[in-house]
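Here is a brief report on one protein model. Please look over the sequence and the structure before reading on.

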Amino acid sequence: MVRSTEGSAEARAVDEVQLEPVPRLEWSLATDVHPPALEAARPASLRRSWIHTAPEQQVLELFRKLNGAKRRLPAPWWLRALDRGEIPSRDAAFEIEDEVHAVLGNRPGWVFVPWAGAGEAGYWEYAPSDRAPMRMPTTVVLTDQHPGWLNVVPAHGDTEPVPVPVKGVAGLVALLPQIEAW
């Protein structure tokens, strides 16, 4: 853009384009899956966005810069845990996601659901629990709310139950017979 040096400051201000950063847009681009996953049958197939592939420290720096004190950006469970220093690395988180998928993907009735929040790994539903009067099936989700990293949400109707914290993949394996009987 060519600017004239003549005229008042007010006239120049009208002609100038002021760009303001839009943190949510920047974060949205960082969490977008590019290129889109052709198959989403497992968590690893969703790890195609910038937050999954850029150097871990850059991802963490952008998250901290944009997230600020309000902590309102949609982010994967592992990034919030990494930000707080509760998980050693993004790769360690990916291993957890893959272990959960290995366990549930080999059991009858469990289905991986790839559409979750921005940058999330998806979640697993227990299809046999999707029966009347239930409106939502039993679900296993990854979480940063506790160091076991897994919550199980029992099948439910109108009132959503309190998620049941599970102590990691070993805890999930031990509880599966009970979870599948709910």
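In which helix does V100 lie? V100 lies in helix α6. The model is a predicted one.

V100 has a relative accessible area of 0%. That is under the 20% cut-off, so V100 counts as buried. Leaving aside neighbours within four places in sequence, V100 is in contact with W124, V140, L150, V169 and L172.

V173 is 73 residues away from V100 in sequence. In space, their C-alpha atoms are 9.1 Å apart.

## Packing of α6 and α7

Two packed helices are described by the angle between their axes and the distance between those axes. Here, α6 covers residues 90-105 and α7 covers residues 168-181. They pack at an angle of about 20°, and their axes are 10 Å apart. Angles under 35 degrees count as roughly parallel, so α6 and α7 are roughly parallel to each other. Their crossing is right-handed.

On the α6 side, the contact is made by I96, E99, V100, V103 and L104. On the α7 side, V169, L172, V173 and L176 take part. By class, this contact has 8 nonpolar residues, 1 charged residue and no polar ones.

## The largest nonpolar core

In soluble globular proteins, nonpolar side chains tend to be buried together. The largest nonpolar core of this model has 39 residues. Those with the most contacts inside this core are I87, V100, L104, V140 and L172.

At least two core residues come from each of the helices α4 (56-67), α5 (77-83), α6 and α7. The strands β1 (110-113), β2 (123-126), β3 (138-142) and β4 (149-153) each supply at least two as well. Helix α6 gives the most, with 7 residues.

V140 shows how these parts meet. Apart from neighbours within four places in sequence, V140 is in contact with V100, L104, W110, Y123, W124, L150, N151, V152 and L172. V100 and L172 also touch each other.

## Backbone details

Two backbone features deserve a check. Which residues does a cis peptide bond join? The bond links A132 and P133, with omega at about 5°. P133 is found in the loop between β2 and β3.

The other feature is at W149, in strand β4. Phi of W149 is near 70°, a positive value in a residue other than glycine. Is W149 buried or exposed? W149 has a relative accessible area of 8% and is therefore buried.

Terms used
Residues numbered from 1 in each chain as written. Predicted model: local features only at pLDDT ≥ 70, side-chain atom pairs only at ≥ 80, totals over all residues. Heavy atoms only, no water. Axes fitted to C-alpha atoms, helices over the stretch in contact; angles between N-to-C directions. Helix = DSSP H or I, 4+ residues; strand = E, 2+ residues; numbered from the N terminus. Parallel < 35°, antiparallel > 145°, perpendicular 65-115°, else oblique. Left-handed = near helix turned anticlockwise from the far one by under 90°. Contact = heavy atoms within 4.5 Å. Nonpolar A, V, L, I, M, F, W, Y, C, P; charged D, E, K, R; others polar. Core = buried A, V, L, I, M, F, W, Y, C linked by side-chain atoms within 4.5 Å. Buried < 20%, exposed > 50% of the residue type's maximum accessible area, 1.4 Å probe, protein only.
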